[in-house]
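Please open the model in your viewer and keep the selection tool at hand.

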Amino acid sequence: MSGNRVVTEFVIVGFPGYYSLMAAFLLCIYIAVITRNSLIVVLFVIERSLQKPMYIIMLSLSLSDIGFCTVALPKVISRYWFNDGYIGFYVCLFQRQLIHYFGTLNSLIMMIMALDRYLAICYPLRYPVLMTNRTMRLLIGFSWVTAMIAPTISLMQTVKLPFCGPNMITHCFCDGTYIKQLACADATLTNLNAYAVAMFVLLVPFASRMHDKYRHDILSYPFSYQGLMRMVGVGVDFNKTQSNR
């Protein structure tokens with residue numbers, strides 16, 4: 001592999017436009033994201049009343065957002081502000097790995113959130129026993145570890161590809177799809193494998209969230225209908241009483 005790879009660095013082209021304005025806008029977004037999520041982390045640490053399963057999920061999402069933005073945005077800002085689009089080959093692969101890692105992590109955390117809401121809605125009396133802080137910490141820790149599996153599988157296949165010529169990434173960061181387009185070999189099978197893994201990572205948590213939503217709707221509609229009929233009945237009885245008077 002190393003004999004076929006002559007590319008030592010990539011060039012991030014980015015998107016056309018007003019570079020200084022774009023850099024300032026992205027910098028403001030980065031500062032806002034870091035400030036907001038850091039505030040959530042600090043509040044969780046100092047306020048013991050927030051140390052509950054649902055807020056553990058929010059803490060994990062905040063840390064994931066901080067990680068994702070820190071990996072992706074600084075290089076984009078330097079590209080637009082200082083025209084520094086060069087990035088080393090392995091540094092680019094490392095950025096790609098972390099970007100896909102945090103994306104996968106967000107998906108898994110949202111699946112845990114769906115599970116948490118499912119238990120809270122369907123088993124409200126048993127929820128404090130089923131979902132304790134310890135259980136939530138184990139689930140969150142498991143998601144932080146297993147989120148590395150899918151990006152690593154894709155990365156191992158990408159590293160095996162030869163890169164011997166073009167090195168211009170027409171994106172604002174090192175995305176796996178755009179990197180594989182620069183390979184000097186047919187990457188169709190690699191793209192299909194990456195697509196299958198990505199669909200599994202995205203659709204399984206999405207299906208769990210949709211199941212949680214529709215289960216909540218199915219359970220809530222009968223009670224809502226019963227409450228509505230009860231209100232209508234009360235209104236009818238009230239009207240009859242008024243008319244009798």
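Angles under 35 degrees count as roughly parallel, those over 145 as roughly antiparallel, those from 65 to 115 as roughly perpendicular, and the rest as oblique. The model is a predicted one, in which local features need pLDDT of at least 70 and side-chain atom pairs count only at pLDDT 80 or more, whereas totals for chains, interfaces and linings use all residues. Residues are numbered from 1 along each chain as its sequence is written, and side-chain values use heavy atoms, with hydrogens and water left out.

**The whole chain**

Begin with the protein chain in cartoon view, where there are eight helices and three strands (DSSP runs numbered from the N terminus, helices being H or I with at least four residues and strands E with at least two). Followed from the N terminus, the elements run β-α-α-β-α-α-α-α-β-α-α. Of the 245 residues, 37% count as buried, that is, under 20% relative accessible area with a 1.4 Å probe on protein chains only, where over 50% is exposed and anything in between partly exposed. Among contacts with a separation of 6 or more, 79% join residues 24 or more positions apart, a contact being heavy atoms within 4.5 Å.

**The annotated spans**

Next, select residues 20-46, 55-78, 98-115, 136-156 and 192-208, which an unreviewed UniProt entry gives as "transmembrane region"; such annotations may be inferred rather than shown by experiment. Residues 98-115 are 100% helix and 0% strand, with their end C-alpha atoms 25 Å apart. For residues 136-156 the end C-alpha atoms lie 31 Å apart, and the span is 90% helix and 0% strand.

**H2 against H5**

Now select helix H2 (residues 53-82) together with H5, whose axes come within 9 Å and cross at roughly 25 degrees; axes are lines fitted to C-alpha atoms, for helices over the stretch in contact, and angles run from 0 to 180 degrees between N-to-C directions. The two helices are therefore roughly parallel to each other. Showing side chains, you will find Pro53, Ile56, Ile57, Ser60, Leu63 and Ser64 of H2 meeting Asn133, Met136, Arg137, Ile140 and Trp144 of H5. This contact divides into seven nonpolar, three polar and one charged residues, where Ala, Val, Leu, Ile, Met, Phe, Trp, Tyr, Cys and Pro count as nonpolar, Asp, Glu, Lys and Arg as charged, and the others, Gly among them, as polar.

The H3 side of the contact includes Tyr101, Phe102 and Leu105, and the H5 side includes Met136, Leu139 and Trp144. By class, eleven nonpolar, two polar and one charged residues take part in the contact of H3 with H5.

Leu93, Arg96, Gln97, His100, Tyr101 and Thr104 of H3 touch Pro151, Thr152, Ser154, Leu155, Thr158 and Val159 of H6. Here the classes are five nonpolar, six polar and one charged.

**A last stop at Ala23**

Finally, select Ala23 in helix H1 (residues 19-46). Is Ala23 buried or exposed? Ala23 is buried, because its relative accessible area is 0%. Leaving aside neighbours within four places in sequence, Ala23 is in contact with Ile77, Tyr80 and Trp81. Ser78 is 55 residues from Ala23 in sequence, yet their C-alpha atoms are 7.6 Å apart.
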